[in-house]
Amino acid sequence: MQIVETLNQTALIKMMHESGLRPSAQRLSVLSHVANTRKHPSADEIYNDISPFYPSLSRTTVYNSLHALVECGLLRTLEIESGNLRYDLAPQPPHSHFACRCCGKIYDAMLPSGIEGFGNPDFEVEYVDVVYRGICPSCKNKKSQTK
C-alpha cells in the first residue's frame with residue numbers, strides 16, 4: 001500500500017517553508033529520503049544512504065535535521081522496535097504499519113475501520129500507532145519454497 005506519491009524537491013521545499021522551517025541541502029535530503037523511499041528508515045539508515053552524496057555530512061547533522069523536521073510536523077517518529085526510532089512522513093492520510101519479523105521491513109497498511117475515533121473530546125489526538133507484526137508475502141513465499 002503506497003500512501004503518497006513521490007514528492008519532488010519543489011514540493012518538499014514548499015512544505016518546509018509552510019511549516020516555518022528554513023530549507024537547507026541536508027534537511028531537504030533527509031526529508032526527501034524519508035518521504036520518497038517509504039522504508040521507514042532509522043537515523044543511521046538515513047545517514048548511510050545519503051552520506052555518499054554529502055561527503056562532509058555528519059551523523060549529528062542528520063540527527064539535528066530529523067529533530068527539526070519532527071518538531072515542525074513534517075516527520076513523525078515510529079518506535080516499532082523497542083528503543084529504535086524510525087521516521088515516517090507526517091502529512092499523509094492516517095495509516096498503520098506492518099513489521100515483518102523475518103526481513104525487518106516495515107510496510108504501510110490501512111487502519112482498521114473504526115479506530116480513528118477516540119471518544120473523548122477533551123483529548124487532542126495527534127496520531128494513532130497500530131503495528132501489525134508477522135511475516136510479509138516475500139518472506140512467506142521464501143519460507144514455503146524451502147519446505
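A polar contact is a pair of N or O atoms within 3.5 Å; within protein, one atom must be able to donate a hydrogen and the other to accept it, and residues adjacent in sequence count only if both atoms are side-chain atoms. Keep that in mind for the notes below.

1. Some ground rules to begin. This is a predicted model, in which local features need pLDDT of at least 70 and side-chain atom pairs count only at pLDDT 80 or more, while totals for chains, interfaces and linings use all residues. Residues are numbered from 1 along each chain as its sequence is written, and side-chain values use heavy atoms, with hydrogens and water left out.

2. H1 covers residues 9–18. Asn8 caps its N-terminal end, with a side-chain oxygen 3.1 Å from the backbone nitrogen of Thr10. Just after the helix, Gly20 has a positive phi of about 85 degrees.

3. Which residues of H1 are buried? They are Leu12, Met15 and Met16, where buried means under 20% relative accessible area, exposed over 50%, and partly exposed in between (1.4 Å probe, protein chains only). Seen down the axis of H1, these residues fall within an arc of 100 degrees, so they line one face of the helix; the arc is that of the directions from the helix axis to the C-beta atoms. The face turned away from the buried side carries the exposed residues Thr10, Lys14, His17 and Glu18. Among the elements covering the buried residues of H1 are H2, H4 and E2.

4. Next, look at the largest nonpolar core, which has 23 residues. Such a core is a set of buried Ala, Val, Leu, Ile, Met, Phe, Trp, Tyr and Cys residues joined through side-chain atoms within 4.5 Å. Leu31, Ile46, Leu66 and Leu69 have the most contacts inside this core. Helices H1, H2, H3 and H4 and strand E2 each give two or more residues to the core, and H2 gives the most, with 5.

5. Apart from neighbours within four places in sequence, Leu31 is in contact (heavy atoms within 4.5 Å) with Leu12, Met16, Leu69, Leu74, Leu75 and Leu89.

6. Now the strands. E1 (residues 75–81) and E2 run antiparallel and are joined by 5 bridges; two strands pair if DSSP finds at least two bridges between them. Glu81 stands opposite Asn84 in E2. The hairpin has 2 residues between the strands, and Gly83 takes a positive phi near 80 degrees there.

7. Finally, visit Leu21, in the loop between H1 and H2. Leu21 is buried, at 10% relative accessible area. The C-alpha atoms of Leu21 and Cys72 are 6.8 Å apart, although 51 residues separate them along the chain.

Definitions and conventions:
Helices (H or I, at least four residues) and strands (E, at least two) are DSSP runs, numbered from the N terminus.
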